[in-house]
Amino acid sequence: MAADTQKEVQAMLYQELILALRDRAGDSDSERWRVVRPVMDKGRCTDCGACIEFCPMATIFADGAVIRIRYEGCIGCGICAVNCRIHAITMEPSPDWHN
Amino acid sequence: MSYIDVLKQTQNVMTPGSSACQGCGGELILRRVMQIAGNNSVFAVPPGCMAGAGVDGWNFSNGCTAPIHITLLDNTASFMSGVSEMYQRKGRQDVNIVAIAGDGATADCGFQSLSGAAERGTKMLYVCYDNEGYMNTGYQRSSTTSLGSSTSTTPAGAAINGKEQQQKYVPLIMAMHNIEYCATASPSNMADLVAKIQKGLEASKRGFAYLHVFSPCPTGWKFAPDQSIAVARKAVAANLCPIWECDKGVFKLTPNRRPITIAEFVAGIGKFKKLTEEEIASIQSLVDERWALLEKLAAE
Amino acid sequence: MGKLVAMTGNTAAYTGAALCRPDLIAAYPITPQSSVVEGLAGMVYNGKLDASFVQVESEHSAMSVVQGAAAAGGRVFTATSAQGLALMYEPYFRMSTLRIPMVMALATREMTSPETIWSGQQDAMSVREAGWIQLFCESNQEILDMMLQAYRIAEDPRVQLPVNVCYDGFYSSHLIEGLDIPSQAEADAFLPAYAGKTYLDPGQPAALDPLTPGELMMHYRKNHLDAMKAAQEVIEEVDAKFAAQFGRSYGGLIEEYKTEDADIVIVTIGGMSGTGKDAVDAAREKGIRAGLIKLRFVRPFPAEKLAAALRGKKAFAVVDRSVSFGWSCGPMYMETRAAVVDADSYAHFSAIGGLGGADLSYGHMRSVIEKLDAIKNEPGAHDTLWLMND
């Protein structure tokens with residue numbers, strides 16, 4: 001096989017292999033297996049940022065001045081709820097968790 | 001800018017999602033270090049919890065968005081010495097050279113290469129997240145594991161009651177290497193940690209900077225994941241993790257305004273369940289003597 | 001041409017390496033390589049060589065430091081022997097499997113135990129499955145010349161593998177020969193400035209070598225083996241280019257000495273080849289049709305070339321300066337046998353000598369030829385000949 005064609009075939013095989021591995025790796029979104037997730041009571045919340053400070057998964061962010069929870073990557077550890085100084089976060093059952 | 005503003009406004013370098021445990025102190029520390037170092041950096045993370053959690057990228061959609069390499073367990077500091085030297089040679093001192101390693105890679109397997117890099121004054125920041133054990137591989141003991149800890153290689157058993165040695169205190173050893181900056185920190189004291197990461201990065205432009213950070217580990221230490229920050233707070237209060245820095249040889253110790261005893265600290269932490277009165281007293285002596293030594297070093 | 005100077009093998013090694021304009025050197029002293037490190041330090045500290053010289057605390061760190069610098073786009077160099085090579089094995093294996101080029105000098109030395117510091121090839125042979133290109137030099141001139149050739153081979157896009165330039169500890173490293181030293185301009189003409197990839201680059205962020213699933217890894221290993229195969233052609237090309245510019249050819253993968261009409265052939269590795277050639281000359285004077293093949297490259301193993309060179313001969317022996325534990329013979333004898341597919345149509349045996357600094361003498365080589373001559377009409381394997389001084 002000519003060197004160029006060989007390289008093309010190799011590149012194609014790599015692409016297919018990588019796509020197959022990617023499929024096999026599955027969903028990285030924790031939504032389906034997270035048991036509980038934090039829910040903010042924005043009425044109590046003062047947007048102090050303590051939850052952002054301590055979230056190990058960087059799933060809480062500042063939307064301008066307002067703090068919100070993104071949930072992507074959240075695995076329901078509960079640190080945000082425990083460290084909220086005014087108890088504005090509660091851990092509630094995660095809606096998509098399948099028993 | 002307050003440290004909260006820094007955290008709110010600085011982009012994350014590590015994407016959301018990893019396979020770290022719930023409440024992982026190491027992940028929190030790693031994200032902070034990467035966030036503050038930013039994308040104009042080269043990171044090295046040796047095998048351990050963070051590499052195992054997929055910081056290097058595993059499933060093609062998560063991971064560090066800056067250049068990163070999983071070094072060997074024992075050569076993070078020496079590999080990064082080479083990277084640092086080459087970047088110096090290229091006139092690219094602006095690039096942050098940062099290692100984020102567990103206590104296994106730092107205090108044990110990679111201790112020699114760490115000492116070598118520090119002694120040479122390699123321009124880099126080396127951050128150790130110390131969860132007192134080889135947690136990724138199943139909570140085996142390390143030299144930083146506290147006395148009496150029940151680990152998978154030092155079980156609190158009928159014949160021997162857990163780890164028989166006191167912890168080796170790496171941060172003071174590093175401070176004896178004449179490095180630019182050496183400090184301890186805890187994720188519970190986030191303002192202090194953020195400031196030290198910034199200071200460490202700045203010092204790494206002049207020489208070797210070392211940060212030893214207490215890393216609470218709910219899975220290995222056996223406590224509820226949502227208690228990680230509380231445990232870290234207590235570790236500081238109990239003087240198990242004294243907060244100090246040594247900036248170009250000058251020691252500064254953060255006062256401990258509300259100390260608690262070791263007995264109070266170990267309560268509720270599974271790995272300390274079988275500690276005897278004697279062992280508790282022993283650890284208490286260790287932390288008290290260490291505090292006294294730090295006070296002497298920090299005295300003007 | 002350059003200037004003519006008398007120098008040791010170690011001096012030839014560092015002089016050659018310096019001519020290649022390395023960006024960074026990290027090396028730890030060990031007998032008998034230490035003067036390589038000292039020589040390079042001397043050049044850097046006296047402003048004669050513009051390179052970063054990193055004072056490492058062990059060989060493991062030496063290989064790790066150069067690996068980091070290479071990953072950051074640098075041309076790098078290190079050197080070691082025996083125990084140092086063993087200590088650096090972990091990052092050494094990674095250097096080749098990361099597919100990043102570099103050159104290393106190995107002043108070969110026997111492995112401890114028994115306690116030793118002297119010449120042998122066990123260290124080099126122990127790492128032949130670590131994926132590096134590996135070659136052995138006979139003379140100090142060859143050591144210097146191969147530094148330049150090694151970088152060219154390593155950095156060739158068809159190869160992208162590190163090269164280990166081996167030479168006999170003490171017998172080459174410490175003994176003096178007269179060398180023709182190329183000028184810097186001549187070296188630059190032969191070896192262009194390094195245009196290596198920067199793997200860890202904030203401008204092009206990527207993870208260098210993340211956890212790799214087996215299905216993908218098998219492709220990487222196959223690519224590595226293919227690169228080794230491609231290297232055989234590159235090695236010959238580079239030898240020819242070197243000869244064209246400097247007037248010295250070493251024959252590429254192997255050197256054949258009086259083999260055309262030979263009946264019996266000794267295969268040698270490294271410095272012993274000179275002694276072997278003397279013994280061949282003496283045998284020829286006595287009417288024995290002896291020849292010698294110098295195995296220059298051990299990795300890639302030049303199977304086809306060796307087999308072709310041995311075709312039509314009656315007998316061969318391979319002189320190893322090391323042992324293959326578990327086989328009652330030397331390692332290069334084993335590989336030669338494997339390369340010569342119809343080995344048992346020849347008479348053949350392994351000769352082992354010169355371990356731990358013991359002399360591999362002219363008398364020993366003569367005894368190998370004498371045995372070959374005696375058994376040449378008895379095809380098949382013969383007992384291993386231990387070249388001892390009893």
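**View 1. Salt bridges between chain C and chain B.** In this predicted model, the rule finds 3 salt bridges across the interface of chain C and chain B. One of the residue pairs forming a salt bridge is B:Arg89 with C:Asp23, whose closest N and O atoms are 3.1 Å apart. Polar contacts also cross the interface of chain C and chain B, where 16 residue pairs are found, both residues being at pLDDT 80 or more.

**View 2. The side of chain C that touches chain B.** Four elements of chain C, namely strand 3 (52-54), helix 3 (59-71), helix 5 (89-97) and strand 9 (207-208), each supply at least two residues of the side that touches chain B. Helix 3 of chain C gives the most to this side, with 8 residues. Sorted by class, the side of chain C that touches chain B comprises 19 nonpolar, 12 polar and 7 charged residues.

**View 3. Extent of the interface of chain C and chain B.** Contact with 32 residues of chain B is made by 38 residues of chain C. Between them, chain C and chain B bury about 2700 Å², of which 59% lies on carbon and sulfur atoms. Of the area that chain C buries against chain B, 21% is supplied by C:Glu57, C:Leu200 and C:Pro202, more than by any other three residues.

**View 4. Strand pairing between chain B and chain C.** Strand 2 (residues 68-69) of chain B runs parallel to strand 9 of chain C, and 2 bridges join these strands. Within strand 9 of chain C, C:Leu208 is the bridge partner of B:His69. Strand 9 of chain C is also among the elements that supply at least two residues of the side of chain C touching chain B.

Definitions and conventions. Residues numbered from 1 in each chain as written. Chains lettered and ligands numbered in written order. Predicted model: local features only at pLDDT ≥ 70, side-chain atom pairs only at ≥ 80, totals over all residues. Heavy atoms only, no water. Contact = heavy atoms within 4.5 Å. Buried area = accessible area lost by both parts, 1.4 Å probe. Salt bridge = Lys/Arg side-chain N within 4 Å of Asp/Glu carboxyl O. Polar contact = N/O pair within 3.5 Å; in protein donor to acceptor, adjacent residues only side chain to side chain. Nonpolar A, V, L, I, M, F, W, Y, C, P; charged D, E, K, R; others polar. Pairing = 2+ DSSP bridges.
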